[in-house]
Amino acid sequence: MKTAVEKINPTLAKIEVEVPFAEFKPYLDRAYKTLAGQINVPGFRKGKTPKALIEQRAGFDFIVENALNEALNSYYSQALAENELTPLAQPELDIISKPEEDAREADLKLAIEVAVRPEIELPSYEGIKVEVANVEVSEDDEKQALDALRGRFGTLKTVERPAANDDFLTINIAAEIDGEEVDAANDLSYQVGSGTMLDGLDEAVLGLSADEDATFTTKLAGGEHAGEEATVKVKVSAVKERELPKADDDFAQLASEFDTIDELKADLAKQAAESKVAEQGSEARDKVLEALVELVEIPVPEKVIDEQVEQHFSAPGSEDDHDSEEHRAEVRENTITAFKNEIILDAIAEKEDVSAEQSELIDYIITMSQQYGMDPNQFAQMLDGSGQSGMIVGEVRRSKALAAVLAKAEVKDADGKAVDLTSFLGQNEEAASAE
């Protein structure tokens, strides 16, 4: 097999493939054999039908077509490998010549046009300078952390007053469409202000007391009527407020490994500071990536971007009223940015010889499964079944590539003070010792 590549543009390649008949013949023979097992001819055992009779029944062109169906994937994969091309979309195939009735041993000639990953020249990315917000841990941050911990050990007490933000309600809820009830549930527990159930529910229940109800209009979030507008009636059965335990030494011993409340507060303050550093790290990571993309010209395959935008708006669950010119422009811009990020980070991963360890892949699967509310094993099986296992490897490698660039960056806060991100990058002394 011979191949020749013409780069139409940096993201589009035309591959010309020429396969001598001798190389195509094994596929043709297998097509005859397969059809021989499917065609019943009186006087011949199944599978032993002569080629002439198979051609009489099926036609020579049909046999060649069956052979091509089996051979094309192999030829295409071989052509990509020989020319070191990575496809971005399904190829467009043009069969220039193939064996015909009047030219049974003609060579096979193909023209394949396919969008490919662009080749880029990596810029120097050591010492990229970025500025992040200052870290300021306030008393409010420490108080919020302590209150959040106290909330985990709080108790609910029924109160005789209208519902306020953060109260816990027991509610009955029913949804109607065109006067017909389509869904209902009783004795649900709901925290006012959480926004975890239906749009408009928080506003409807705010100020209601026990045995009072309200009606509002919203779009249903799940079930067979998901996305449809419905009239929802909600009735409050009980209003409860959360009582927090007293912040003293007894609470510290109950909720932590510390003996005193002062020790617990000091640890929570430390955690709050670490959280702020993590915010700085995330900001620095995003800005370093933006700076990286600005350093190099990355060709964008317009056709591939167009297809991904269309997939976004045609995906199940997408809403027609969101398909506006403004929204399409936003989705397109985000898709282009994601493409550029992927290209440059893959190139850095190659240069830095980044690999994805088994433990890192497992951590990624666990994190993603939690975001989707799925069991990690089921999530992994879903990815494997949909052929997306390779996607995980790519994501982990890109994340590590970006971390490698961030480790070499010059990060300062708004006051010009150098920011130490070793803990954010997982490169602290404790981790090094464990290594």
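**Salt bridges and helices**

Guide: Asp-167 is buried, at a relative accessible area of 4%; buried means under 20%, exposed over 50%, and partly exposed in between (1.4 Å probe, protein chains only). This is a predicted model, where local features need pLDDT of at least 70, side-chain atom pairs count only at pLDDT 80 or more, and totals for chains, interfaces and linings use all residues. Residues are numbered from 1 along each chain as its sequence is written, and side-chain values use heavy atoms, without hydrogens and water.

Visitor: Which side chain does Asp-167 meet in a salt bridge?

Guide: A salt bridge here is a side-chain nitrogen of Lys or Arg within 4 Å of a carboxyl oxygen of Asp or Glu. Asp-167 has such a partner at 2.7 Å, N to O.

Visitor: How many salt bridges does the count come to?

Guide: The rule is the nitrogen-to-oxygen one just given. By this rule, the count is 28.

Visitor: How many residues apart in sequence are the parts tied together by Asp-29 and Lys-51?

Guide: Their side chains meet in a salt bridge at 3.5 Å, N to O. Asp-29 lies in helix α1 (residues 21-36) and Lys-51 in helix α2 (residues 51-58), so the pair ties together parts that are apart in sequence by 22 residues. Helices (H or I, at least four residues) and strands (E, at least two) are DSSP runs, numbered from the N terminus.

Visitor: Is Arg-398 buried or exposed?

Guide: Arg-398 forms a salt bridge with Glu-342 (3.6 Å, N to O). The pair links helix α9, which holds Glu-342, to helix α12, which holds Arg-398, across 56 residues. Glu-342 is partly exposed, with a relative accessible area of 28%. At 14% relative accessibility, Arg-398 counts as buried.

Visitor: Which strand do the buried residues of α8 pack against?

Guide: Helix α8 covers residues 302-314. Its buried residues are Val-304, Ile-305, Val-309 and Phe-313. They pack against helix α9 (325-351) and, with contact meaning heavy atoms within 4.5 Å, against strand β4 (108-115).

How values were computed: The expected span of a helix is 1.5 Å times one less than its number of residues.
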